[in-house]
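Please examine the structure shown below.

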Amino acid sequence: MRIARFSIDGNVAFGAVEGEGTGDSAGLVLDIIKGIPFADFELSGTKVPLSKVRLLPPVLPNKVVAFGRNYAEHAAELGHEVPDAPFAFFKPSTSVVGPGDPIAYPSFSSELHHEAELAVVIGRMCREVPRERVKDVILGYTCANDVTARDVQRREKQWARAKGFDSSCPLGPWVETDLDPSDLAIQCTVNGEQRQLGRTSQMIHSIEDLIVNITEAMTLLPGDVILTGTPAGVGPLDVGDEVAVTIQGIGTLTNKVIKRD
Ligand code: MG
């Protein structure tokens with residue numbers, strides 16, 4: 001099931017996406033969910049065309065835990081060794097925006113980069129998750145862009161500003177709950193031109209590894225998001241660019257870069 005979060009007439013709701021499509025609204029319909037997708041829920045049978053709503057970030061995470069250097073060719077392109085163990089950093093909840101929302105170019109950077117990533121959405125509160133239980137804590141998967149001020153990342157020891165500024169974490173267009181994430185094509189285009197193309201099977205540390213690793217340290221809450229790293233091909237974004245992340249079996253997340261007010 002594809003679960004979207006949206007606003008219509010000032011109300012926010014979740015809905016199951018029906019019909020064929022990758023992220024634009026043509027032909028898609030939402031069946032409004034009674035309740036929230038983090039517990040047992042029912043479809044209301046009340047349907048609205050996707051074209052009549054505004055899609056929101058599919059979840060509002062308490063935290064986004066992002067893993068770095070999880071694809072060997074990407075680590076190499078930035079001149080880094082592949083780490084022996086997974087390593088994580090945070091993107092704050094205020095960095096999250098939804099499909100179609102603008103990415104505001106930060107005033108303190110002149111080198112903004114896209115990073116297309118598979119995002120794992122957590123479905124239930126969990127800690128110290130054993131490997132064999134990892135699938136039980138996952139609600140589903142969505143597309144993410146770990147937008148990075150690369151110059152600031154190089155300059156500053158901690159990445160809070162470089163990877164945590166407002167609008168640096170587009171998520172969407174929806175959460176796909178029925179998906180084997182082990183070998184999906186992941187692509188990033190800028191203005192229609194391909195920049196990144198990889199497969200999730202190229203991850204150094206698997207989704208199981210990442211969730212075992214982070215839940216050794218902290219509790220994950222329903223709606224929390226894990227970013228799993230980006231394949232090779234990261235590159236610059238300029239004001240006016242349209243950046244799209246497409247993941248096989250999920251859909252396309254598109255955002256435009258604007259000048260920050
Ligand atoms: Mg990243």
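Is Ser182 buried or exposed, or does its relative accessible area place it in between? Ser182 is partly exposed, because its relative accessible area is 44%; buried means under 20% relative accessible area, exposed over 50%, and partly exposed in between, with a 1.4 Å probe and protein chains only. The model is predicted: local features need pLDDT of at least 70, side-chain atom pairs count only at pLDDT 80 or more, and totals for chains, interfaces and linings use all residues. Residues are numbered from 1 along each chain as its sequence is written, and side-chain values use heavy atoms, with hydrogens and water left out.

Ser182 sits in the loop between β14 (169-176) and β15 (185-190). Helices (H or I, at least four residues) and strands (E, at least two) are DSSP runs, numbered from the N terminus. Leaving aside residues up to four places away in sequence, Ser182 touches Thr200 and Ser201, where contact means heavy atoms within 4.5 Å. The C-alpha atoms of Ser182 and Ser201 are separated by 5.5 Å, although the two residues are 19 residues apart along the chain. Strand β14 also contains Pro173, which a cis peptide bond with omega of about 5° joins to Gly172.

At the level of the whole chain, there is a division into domain 1 (2-55) and domain 2 (64-259), with bounds that come from an automatic or database domain assignment. Their contact takes 13 residues from domain 1 and 14 residues from domain 2. The centres of the two domains, taken over C-alpha atoms, are 24 Å apart. Between domain 1 and domain 2 an area of about 1000 Å² is buried, with 64% of it given by carbon and sulfur atoms; this buried area is the accessible area (1.4 Å probe) lost by the two parts on being put together, summed over both. The count between the domains is 1 salt bridge, defined as a side-chain nitrogen of Lys or Arg within 4 Å of a carboxyl oxygen of Asp or Glu. Asp101 forms a salt bridge with Arg54, with the closest N and O atoms 3.0 Å apart.

The magnesium ion has Glu115 (OE), Glu117 (OE) and Asp146 (OD) as protein donors, lying 2.0 to 2.1 Å from it. Donors are N, O and S atoms within 2.8 Å of the metal (3.2 Å for Na, K and Ca); water is not among the atoms, so sites may look incomplete. The spacing of the donor residues in sequence is E-x1-E-x28-D. Both Glu115 and Glu117 are buried.

Two strands pair if DSSP finds at least two bridges between them. Strand β10 (residues 112-114) is joined to β18 by 3 bridges, and Leu112 has Leu237 as its bridge partner in β18.

Elsewhere, 4 bridges join the antiparallel strands β6 (residues 64-67) and β7, with Phe89 in β7 as the bridge partner of Ala66. Strand β7 (residues 88-91) has Phe89 and Lys91 on a covered face, and Ala88 and Phe90 on an uncovered one. In a regular strand the side chains alternate between the two faces of the sheet. Helix α4 (residues 207-215) has buried residues including Leu210 and Ile214, and the buried residues of α4 pack against β6 and β7, among other strands.
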